[in-house]
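Please open the model in your viewer and get ready to select side chains.

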Amino acid sequence: MTSRGPTNRQARLIRLTAFAAITLMLAVMGCGSARAENPEISRRRAAERGDFSNDEIKDGFFKIALNAELQFGAPADRVRKFDEPVRIFVASQGQPDRAPEIASIVADIRAHVNHLDVAITSDKKAANFFVTLVAERDIKKVIRARYGSGKAARIQQSLNPQCLSGIGKDRRYRIRRAEVILPVDAGEFTFYDCAYEELLQALGAINDDRSVPWTMFNDDVQMGFFDVYDQYLLNILYDPRVRAGMTKAEVNGLLPKVLPTVRVWINSANPARHADGREAPNTQGENGPLLRSTDAQTADPGPTSDSRALAADSSQTRKSIQ
């Protein structure tokens, strides 16, 4: 007795059925992989303030972008920023692997900061910004290996960081290299809180100041997302008219022209939200998220480097070194 195989039509039906089943399974897997926002972040988003006066924005910019808490080089109240494309290389050395989250955070920053060319790269040689993801227990060891025992001791003594970011600038105050070290296993909220602040501080918003109540760059604030107030600060910083090396007086003279264009950008980049958190149609409102993380800027070799270190735990203060 011989068995008979399916006809051509039957075979096609079998293949189509199998393909449909695989497609459905992938679709279900894709839906399941969508990450719900951390409840702590959602709560802070809902309570975020979104409108600020010019004076409130200016005050925060001068305190956050022109100062630094701890400086390895000669103190200088100047604008520090990248003036070239920022390419970020991520080295994942701990579990869980949070490299995908870093990519999402970088995309979020790119979407909310005008004139900032920032992206992830897989080419380490092409990178000028390096993110190292490690286990929380290895933070101190990585800091010592990266910055040497002398500077590491100063960082630990002054800042006791749970997360760290550092920038290296040239004599014209252009950031030429940035580094961020983040713990991957300290909890989801802590990770996002650290990651946003460290990445943004390594872009040039390098100071912490408790007198600015709306910023993530305040030791008493933890948010975990890119808030509207800090979007103002970063958009002023990366406006082409604000150049690396400028003084407070020089920036202040530009702000009457810079602020109106920044407001237009912020309004378009942050659609208003309903009270239940759903996005409303685009309006002219000034809504968006308020966040906070931690940071430590440490220096690239040489006399013109900035450093800063902060603690991500809310029980610790967050400091900056330059």
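The structure holds six aromatic pairs (Phe, Tyr and Trp rings, the last by its six-membered ring, with centres within 6.5 Å; planes under 30 degrees apart are stacked, over 60 edge-to-face, the rest tilted). This is a predicted model, where local features need pLDDT of at least 70, side-chain atom pairs count only at pLDDT 80 or more, and totals for chains, interfaces and linings use all residues. Residues are numbered from 1 along each chain as its sequence is written, and side-chain values use heavy atoms, leaving out hydrogens and water.

Start by selecting F52 and Y229. Their planes meet at 65° with the centres 4.9 Å apart, so this pair is edge-to-face. The two residues are 177 apart in the chain: F52 belongs to the loop between α2 (39-46) and α3 (54-65), Y229 to helix α7 (residues 228-237) (helices are DSSP runs of H or I, at least four residues, numbered from the N terminus). F52 is buried at 5% relative accessible area, and Y229 is buried at 0% (buried is under 20%, with a 1.4 Å probe and protein chains only).

Next, select F191 and Y192. This pair is edge-to-face, 5.7 Å centre to centre with 85° between the planes. F191 is buried at 1% relative accessibility, and Y192 is buried at 13%.

Keep F191 and show R98, whose charged end sits over the F191 ring, 4.9 Å from its centre (CZ of Arg or NZ of Lys within 6 Å of the ring centre and within 35 degrees of the ring normal).

Last stop: select K81 and Y238. K81 lies over the face of Y238, 5.1 Å from the ring centre.

Methods: Buried means under 20% relative accessible area, exposed over 50%, partly exposed in between (1.4 Å probe, protein chains only).
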